[in-house]
Amino acid sequence: PYSLKLNTTSRNRVLSFYRAFKARGIEVAVISPPLHVNINDWYNQKEIDNEGIEIIYMPDAKTSLLRFFASKCSRRFKAYFFVLKSLLNPILTSKKVNGARKKHFALEKLTLSSQDLIISSHPSVFSINIANRLVDDYGCKLIIDYREPWTYGYNSVDVPKFASLVKKKMERTFENSLLEKACAVTVISDKLKGYFPQTIKQKTYVVKNGSNAFYIDPDRIEDGCDKLRIVYLGRIYNQQLEDESFFKVIYQFIFDNKVGIDELELLFVGANNKKLKEVIRKNSLEPYVNVLPTMKIEAAMEIGYTASAFLHLRYGEANAIYTSKHADYLALQKPILLPISDGGALANTTKDSGGFVCDSVEECYLVLQNLWNKYGSRKSFKIDRTREFLYTISREAEAEKLVQIVGEIVLQESVRQASVSTSLPVFV
C-alpha cells in the first residue's frame, strides 16, 4: 500500500484483506514505503495505530526523491512532478536500470519463493515498482489490485488532463507488461473492468470498496434529530467545487426558512480543502459549516452516527467514479443526497440505495425542504437495515472474494505441480 500510517481508502482496503487472510491462519507480510511527508502539514492528522501489524518499510530510491519534493509543494505544482514521474518511468522500470541490483536486505526475513503471492495496491508508484521487482527477483505470482485506473479508463481525479495524457503515453507499456505477468487482476467496479483489453478481462475480478463496518457499531447510530446535520465524509477535490449550486441552494434555503445556526449544520470530515473554505465564505455559510481535518476512522464514524443525512458531490465532468464513502453512508443508515446528478456512477448508486438524486437546483431545494420538515417533526432519519445486508456491503465481505481468488490460484498451481503448498500473500 501507499501507507498504513494515514486513514485512507488504501489503508482500510489493505487491512480488510490482511484480516481475512490472518483469520484463516495464513501468514501475511505487509511492505510499505517510509512516509516522506510531514503528516501534520499534509493531512493534519497524527500517525495512527497499525493494529499490531508488523510492517516492512522498504525504501524505493527511484521514487523517493520525487515523492519527497511533491510533498513539499502546493497541489497546483504536484501535477508537474506527476508528469516528471511519467516521463522517467520508462527509464526507471527498464531492464537496464533494474537488471543489476542487490536484493533488498529488508526482504531477507520473508524468504520469498515462487510459491508466494504478491498483491500490489494501485495507484502507488512505490507499490508497482516494488511488486515488479519481487516478481522478477523471486518468481512470485502477482495480483494487481486497482482502486483507480492507471492508463486504461478515466483520468484520475484532481490530475490535470495534460498530466493524464502524458501518463497514458509514457506508462502504458509498463502497465501492459505487469498485466501480462499478473495471474489475476482485481478492480472496484465492472465499469473499470470494462476498460481493459479482452485478454486481461478474462482474469479480472470485481472486489468493491466495501463499508468500514469493522469500525461501525449499528446500535450507536442516532436518530439525527438534535439538528439537521448533513455530513460529507472524506477527501474533497477541486473538481467537486466547480459547480457551487448546492452551496447557493443551501444559502437560499436558510434565508427562506430563517434557519438558526443551532438548527442546521453542514459537516465536512476529512475535507480540509482551501477551495472548499473559499466557496463557503463566498456563499456566506461560515456559521453553518464546519470543515474538519482528516482524523482516525473511529472518530469519523462517531460523527457519522449523529448525521441526519449524508452528502455526495459530483466529480466535475467525470461520471464513472465509484467512491468508497458510499458504502459507509449505507452502513451508517441515513438518507444520501446527490444535489447535482453526474448522470453516471454516483447517480446510479444513490438511486439504487433509495437516496435523493437531483437534476436541478429546484429539485435540490425541495429535498432540503423535505429533510427540514422531517427534522421539524422530530422524526427519526435512521433507515433500518438488516445485519445481513450490512455484511454484504462491508469490506469484510469483499475481502472474502480476494481470499477465494487466491485459493483458486493456489489450487491451480498445486494441480500443475501435483503438490499442495501454502502461499504467503505479500501486500505492497
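This is a short talk about what sits on the inside of this protein model.

Okay, hi everyone. Keep in mind that what you see above is a predicted model.

Let's start with the cores. The largest nonpolar core has 92 residues. Which residues have the most contacts inside it? Those are Ile143, Phe246, Phe247, Phe268, Leu276, Leu311 and Phe427. And the element that gives the most to this core is helix H17, residues 395-417, with seven residues. There's also a second, separate core, with 30 residues, and Ala29, Ile31, Ile118 and Ile128 are among them. As background, nonpolar side chains tend to be buried together in soluble globular proteins.

Now zoom in on Leu276. Setting aside residues up to four places away in sequence, Leu276 touches Ile236, Leu241, Phe247, Phe268, Ala271 and Val291.

Next up, Phe196. You'll find it in the loop between helix H8 (190-193) and helix H9 (198-201). So is Phe196 buried or exposed? Buried, because its relative accessible area is 4%, and the cut-off for buried is under 20%. What's around it? If we skip its neighbours within four places in sequence, Phe196 is in contact with Tyr146, Tyr152, Glu175, Leu179, Val185, Val187, Lys201 and Thr204. Take Tyr152: it's 44 residues from Phe196 in sequence, but their C-alpha atoms are 6.3 Å apart in space.

Last stop, helix H12, residues 297-305. Its buried residues are Ile297, Ala300, Met301, Ile303, Gly304 and Tyr305. What do they pack against? On the helix side, H1 (9-22) and H13 (325-331). On the strand side, E7 (228-233), E8 (264-269), E9 (289-292) and E10 (309-311).

That's my tour, thanks!

Conventions:
Residues numbered from 1 in each chain as written. Predicted model: local features only at pLDDT ≥ 70, side-chain atom pairs only at ≥ 80, totals over all residues. Heavy atoms only, no water. Core = buried A, V, L, I, M, F, W, Y, C linked by side-chain atoms within 4.5 Å. Buried < 20%, exposed > 50% of the residue type's maximum accessible area, 1.4 Å probe, protein only. Helix = DSSP H or I, 4+ residues; strand = E, 2+ residues; numbered from the N terminus. Contact = heavy atoms within 4.5 Å.
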